[in-house]
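Here are a few exercises to work through with the structure open beside you. Try each task before reading its solution.

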Amino acid sequence: MPNLRPGGRPRDRKSGARLQLSTYAYRDKRRRGEGLRLGCARYPVRGVRKSRYAAEDIMDVWLPTVAPSRELVQWARRHDLEDPKVWNTYLRRYRGEMKSTNARQTIETLARLAQRTAISIGCYCHSPHCHRFELERLIRAAAAEH
């Protein structure tokens, strides 16, 4: 859990740097100060030209490096993520995938970036059962380590 300063803005525990990190669901209206929108879903949005992603409040940049693998997405589609046991299994598997070098380094980069500028991580999901919330925790943990 990040340290909160007056106004509720998170700070990195060690450096004291303000962490400018938020989440959103694709097509949610942009919020003031949310910064660069990073699409962190495995698959890009279909039926929308990439040049229209930002204009349609989807994302500024697609970043599948921190998305669940194709296999994990397929597994999730076959299971009920509302079931706490299934959800916990999904989270455990996702966290395991995020230990790979590319994902780990991307998370580290996002943690450092969020200490300097606002970023927001997004996905299709409008449910509390979405990997973006776990990704947010992983980024905050990485920021707290520096």
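**Exercise 1: a strand and its surroundings**

T23 is found in strand β3 (helices, H or I of at least four residues, and strands, E of at least two, are DSSP runs numbered from the N terminus). Before starting, note that this is a predicted model, where local features need pLDDT of at least 70 and side-chain atom pairs count only at pLDDT 80 or more, while totals for chains, interfaces and linings use all residues. Residues are numbered from 1 along each chain as its sequence is written, and side-chain values use heavy atoms, leaving out hydrogens and water.

Task: Is T23 buried or exposed, and which residues does T23 touch?

Solution:
- Step one: T23 has a relative accessible area of 17%, so T23 is buried (buried means under 20% relative accessible area, exposed over 50%, partly exposed in between, with a 1.4 Å probe and protein chains only).
- Step two: not counting residues up to four places away in sequence, T23 touches R31, S120, I121, R132, F133 and E136 (contact means heavy atoms within 4.5 Å).
- Step three: look along the strand. In a regular strand, side chains alternate between the two faces of the sheet. Here L21, T23 and A25 point one way from β3, S22 and Y24 point the other way, and all are buried.
- Step four: since 5 of the 5 residues of β3 (residues 21-25) are buried, the strand is largely enclosed by the rest of the structure.

**Exercise 2: the strand's partner**

Task: In what sense do β3 and strand β6 pair, and over how many bridges?

Solution:
- Step one: β3 and β6 (residues 119-123) pair in the parallel sense over 5 bridges (two strands pair if DSSP finds at least two bridges between them).
- Step two: for one example, A25 has C123 as its bridge partner in β6.

**Exercise 3: aromatic rings**

Task: How are the rings of W87 and Y90 arranged?

Solution:
- Step one: the structure holds 3 aromatic pairs (rings of Phe, Tyr and Trp, the last by its six-membered ring, pair if their centres lie within 6.5 Å; planes under 30 degrees apart count as stacked, over 60 as edge-to-face and the rest as tilted).
- Step two: the centres of the W87 and Y90 rings are 5.4 Å apart and the planes are at 20°, so this pair is stacked.
- Step three: W87 and Y90 are 3 residues apart in helix α2 (residues 84-97), so about one helical turn separates them.
- Step four: W87 counts as buried at 12% relative accessibility, and Y90 is buried at 5%.
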